[in-house]
Amino acid sequence: MNTSTDTFQLYHYGESLCSQMVRLALEEKQISYVSHHMHLELTGENLSRAFKKINPNVVVPVLIHNDVPLYNSWEIIRYLDNHAPTKGTPLMPTSAEGLAALDEQVMENALRGDIALGDNFGTSIAGASTYILANILKRRPALSVMWDYLTKHPDPMRKFAFCVLRLRGGLPKPLYEKFIRRLAVGLADCEQRLADGREYMFGDYTMLDIMMTAHLHRIEDVHLDGILTTGKLPHLADYWQRVQARLSYKPAMTDQHSWEWRAAMDEVYQGQASPFLPLLESALNDQLSDLETRKAAA
C-alpha cells in the first residue's frame with residue numbers, strides 16, 4: 001500500500017505511557033503524522049467538549065487515519081504494522097505461535113484498564129508515577145480539579161483517583177509499596193528473559209520492546225533507575241542502552257517531554273533517588289533468589 005498519500009493525526013501527551021508507545025511505533029514504521037500535543041492534568045484539556053468529540057473516553061492517544069479514529073494503543077500499533085507491512089521495522093511475529101506468545105506477554109505487562117493498579121507490571125509502572133501526577137494537579141486549585149473530574153470524566157474510578165491525588169498529594173503509602181514490589185517481579189522477569197543473550201524481548205524487535213522502552217523510561221522518570229546500576233540486572237541494563245540507541249527513541253521520547261511533568265519530577269525528587277529505591281532493591285533480591293531456587297530445582 002502506498003502510505004505517502006495517507007494522513008495520520010495523533011492526539012497525545014508527552015509522558016503518557018500509551019502515547020509514548022504509539023509514537024515509538026510511528027517512528028519505527030517511518031510513518032509521518034500531524035502532532036496534537038495535549039496537556040492533561042495541568043489544564044484538563046482532555047476533558048473539554050472539543051476533545052470529547054474526538055474521544056468520548058477522554059484519554060490519549062488517539063490516532064486518526066484518513067478521518068477514522070483509533071483509540072487503543074495496542075490496536076493502533078497492530079494497525080500500523082498491518083497498514084505498512086514492508087515499511088520500517090516489522091513489529092509483530094510472523095508465526096501463529098509467536099503472535100500468541102507476544103499477546104500473552106503484552107497482557108502480563110501492559111497498562112490495562114481491566115485490572116487494579118499494581119496487579120501487573122504495567123499498572124505498577126503507572127502507579128509509581130502518582131506523586132508526579134499529584135504534583136501537577138496541585139498547580140491547579142482543588143475545586144477546579146474536582147469540578148473537572150467529577151462533572152466531566154466518564155470513568156468513576158478515575159474521577160475518584162484524581163480527586164484523591166489532588167487532595168492527598170499522592171496515594172496511600174501501602175499501595176505505593178505494592179507497586180514497588182510488583183515492579184521487582186517485572187524487572188526480574190525481564191532479566192530472566194534476556195539472560196540467554198537475545199538482543200530484544202522476542203529476539204527480534206517487536207511491539208513488546210516498544211512497551212518495555214516506555215516502561216523503563218518511566219522507571220527513570222520516577223528516579224528508580226538506580227536499580228539498573230546495582231549489577232543485579234546486567235542483561236536488562238544492556239537492553240536499556242540498546243533501545244535508547246534506536247533511532248526511534250529520541251523523536252518519540254525525549255523530544256516529546258512536557259515541561260510540567262519535568263518540573264514536577266524536579267520538585268518531587270529534587271535530584272535524588274526515590275525513597276522507595278531501597279524497597280525495590282530488597283524486593284528484587286527476593287525475586288532473583290526465588291528464580292535461582294526454581295532454576296536449581298528444575
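Colleague: Which residues of helix 3 are buried?

Modeller: In this predicted model, helix 3 spans residues 73-83. Elements that cover its buried residues include strand 1 (8-12), helix 1 (17-28), strand 3 (62-65), strand 4 (68-70), helix 4 (96-109) and helix 10 (207-221). The buried residues themselves are Ser73, Trp74, Ile76, Ile77, Leu80, Asp81 and His83.

Colleague: Which residue caps the N-terminal end of helix 3?

Modeller: The cap involves the backbone nitrogen of tryptophan 74, which lies 2.9 Å from a side-chain oxygen. That oxygen belongs to asparagine 72.

Colleague: Is helix 9 roughly parallel or roughly perpendicular to helix 11?

Modeller: Helix 9 (residues 173-194) packs with helix 11 (residues 234-245), the axes being 8 Å apart. The angle is about 85°. Angles of 65 to 115 degrees fall in one class, so helix 9 and helix 11 are roughly perpendicular.

Colleague: How many nonpolar, polar and charged residues does the contact of helix 9 with helix 11 have?

Modeller: Helix 9 contributes Leu187, Cys190, Glu191 and Leu194. Their partners in helix 11 are Pro234, His235, Leu236 and Tyr239. By class, this contact has 6 nonpolar, 1 polar and 1 charged residues.

Colleague: Why is the sulfur of cysteine 190 too far from the closest cysteine sulfur for a bond?

Modeller: Cysteine 190 counts as buried, because its relative accessibility is 5%. A disulfide requires sulfur atoms within 2.5 Å. The closest cysteine sulfur, in cysteine 18, is too far for a bond because the distance is 17 Å.

Colleague: How many disulfides does the count come to?

Modeller: The criterion is a pair of cysteine sulfur atoms within 2.5 Å. By this rule, the number of disulfides is 0.

Colleague: Is valine 58 buried or exposed?

Modeller: Valine 58 is found in the loop between helix 2 and strand 3. Its phi is near 55°, a positive value in a residue other than glycine. The relative accessible area of valine 58 is 1%, and buried means under 20%. Valine 58 is therefore buried.

Colleague: As what does asparagine 66 count by its relative accessibility?

Modeller: Asparagine 66 lies in the loop between strand 3 and strand 4. Although it is not a glycine, asparagine 66 has a positive phi of about 50°. Its relative accessibility is 39%, so asparagine 66 counts as partly exposed.

Methods: Residues are numbered from 1 along each chain as its sequence is written. This is a predicted model: local features need pLDDT of at least 70, side-chain atom pairs count only at pLDDT 80 or more; totals for chains, interfaces and linings use all residues. Side-chain values use heavy atoms; hydrogens and water are left out. Buried means under 20% relative accessible area, exposed over 50%, partly exposed in between (1.4 Å probe, protein chains only). Helices (H or I, at least four residues) and strands (E, at least two) are DSSP runs, numbered from the N terminus. Contact means heavy atoms within 4.5 Å. A polar contact is a pair of N or O atoms within 3.5 Å; within protein, one must be able to donate a hydrogen and the other to accept it, and residues adjacent in sequence count only if both atoms are side-chain atoms. Axes are lines fitted to C-alpha atoms, for helices over the stretch in contact, and angles run from 0 to 180 degrees between N-to-C directions. Angles under 35 degrees count as roughly parallel, over 145 as roughly antiparallel, 65 to 115 as roughly perpendicular and the rest as oblique. Ala, Val, Leu, Ile, Met, Phe, Trp, Tyr, Cys and Pro count as nonpolar, Asp, Glu, Lys and Arg as charged, and the others, Gly among them, as polar.
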